[in-house]
Amino acid sequence: MLKCVRCGGDVSRHHQVCSYCGTHNPDYYPPERKVNLLLEKGLEAFENSHFAEAVDYFVKIFEVDPDVFEAFIYLAGGYPRLRYTEEATKTTEKAQKIRPGSALINSYRGILYKQMGRKAEVRANLEKAVELVKTDATVDDYRKEFKKTIEKALAEYKRWKLFQEMENNTVI
């Protein structure tokens with residue numbers, strides 16, 4: 001793991017910019033061609049709803065390079081479709097170590113924790129995602145839309161939590 005030259009945040013060698021401050025990473029090193037090929041095949045399988053095949057491709061990426069953030073992201077999206085929520089959670093933890101300033105990772109974690117019924121973690125991760133989306137340079141192209149999506153998930157969480165509390169006859 002490298003440190004950003006501007007803010008000191010953790011930066012992977014495979015990321016062109018720091019996810020905290022958006023500063024160019026002078027030590028950027030593009031992933032190998034084999035990694036890109038595995039990503040392409042995995043995405044194709046994912047888009048065709050062949051989730052087990054997609055997960056296999058994404059896991060193979062780590063044999064070539066264990067720091068490919070995108071592979072972690074796609075695994076975090078693929079594992080839940082196979083009902084592997086614990087594996088998805090562990091995957092997001094590893095991804096967060098590579099890119100701690102990622103709003104996307106925190107939003108994924110919030111959604112995963114909701115599926116698992118872990119209420120406190122849902123709120124914490126979605127709120128963190130709303131905070132990070134303001135500064136995460138990797139979402140520049142779709143920042144407004146992504147922020148709305150996270151805020152919608154947070155509002156749904158609050159309704160879900162209220163419903164659960166009413167169902168359990170607990171005081172709010």
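**Pocket, fold and local geometry of the predicted model**

Helix α3 gives the most to the lining of the largest pocket, with four residues. The structure is a predicted model, in which local features need pLDDT of at least 70 and side-chain atom pairs count only at pLDDT 80 or more, whereas totals for chains, interfaces and linings use all residues. Residues are numbered from 1 along each chain as its sequence is written, and side-chain values rest on heavy atoms, with hydrogens and water left out. Helices (H or I, at least four residues) and strands (E, at least two) are DSSP runs, numbered from the N terminus.

Rolling a probe the size of a water molecule over the atoms shows where empty space is left. A pocket is here an open set of points on a 1 Å grid over the protein atoms alone, where a 1.4 Å probe fits and protein lies on both sides within 12 Å along at least five of seven lines, while a set that the probe cannot leave is a cavity; lining residues have an atom within 4 Å of a point. Grid points are joined across faces, edges and corners, and a volume is the space filled by probe spheres set on the points. The largest pocket holds about 320 Å³ of space. It is lined by 20 residues, of which His15, Phe69, Glu70, Arg99 and Thr138 are the closest to its centre. Two or more residues of this lining come from each of the elements α1 (33–47) and α3 (69–78). By residue class, the lining divides into eleven nonpolar, six polar and three charged residues, where Ala, Val, Leu, Ile, Met, Phe, Trp, Tyr, Cys and Pro count as nonpolar, Asp, Glu, Lys and Arg as charged, and the others, Gly among them, as polar. Two of the residues named at the centre also make a contact, in that Arg99 lies over the face of Phe69 at 4.0 Å from the ring centre; a charge sits over a ring if NZ of Lys or CZ of Arg is within 6 Å of the ring centre and within 35 degrees of the ring normal.

The protein chain as a whole has seven helices and two strands, and from the N terminus on its elements run β-β-α-α-α-α-α-α-α. Its radius of gyration is 17 Å, close to the 16 Å that the globule rule gives for 172 residues, so the chain is as compact as a globular protein of that length; the radius is taken over C-alpha atoms, and the rule is 2.2 Å times the number of residues to the power 0.38. The C-alpha trace spans about 55 × 40 × 25 Å along its principal axes. Of the 172 residues, 41% are buried, that is, under 20% relative accessible area, whereas exposed means over 50% and partly exposed in between (1.4 Å probe, protein chains only).

A pair of aromatic rings is described by the distance of the centres and the angle of the planes. Rings of Phe, Tyr and Trp (its six-membered ring) pair if their centres lie within 6.5 Å, with planes under 30 degrees apart counted as stacked, over 60 as edge-to-face and the rest as tilted. The count comes to five aromatic pairs. Among them is the tilted pair of Tyr79 and Tyr84, at 6.1 Å centre to centre and 55° between the planes. Tyr79 is buried, at 13% relative accessibility, while Tyr84 is partly exposed, at 39%.

Most residues other than glycine have a negative phi, and most peptide bonds are trans. Ser49, which is not a glycine, has a positive phi of about 60°; Ser49 is placed in the loop between α1 and α2 (51–64) and is partly exposed, with a relative accessible area of 48%. Arg83, also not a glycine, has a positive phi of about 65° and belongs to the loop between α3 and α4 (85–98), where it is exposed at 72% relative accessible area.

Several residue pairs separated along the sequence were examined by C-alpha distance. Leu37, in helix α1, is partly exposed at 38% relative accessibility and lies 9.4 Å from Ile61, which is 24 residues apart from it in sequence. Glu127, found in helix α6, is partly exposed at 35%, and 8.4 Å separate it from Ile150, 23 residues apart in sequence. The loop between α6 (119–132) and α7 (143–167) holds Val133, which is buried with a relative accessible area of 1% and is 8.7 Å from Lys144, eleven residues apart in sequence. Thr135 is placed in the loop between α6 and α7 and is partly exposed at 43% relative accessibility; its C-alpha atom is separated by 8.1 Å from that of Gly101, 34 residues apart along the chain.
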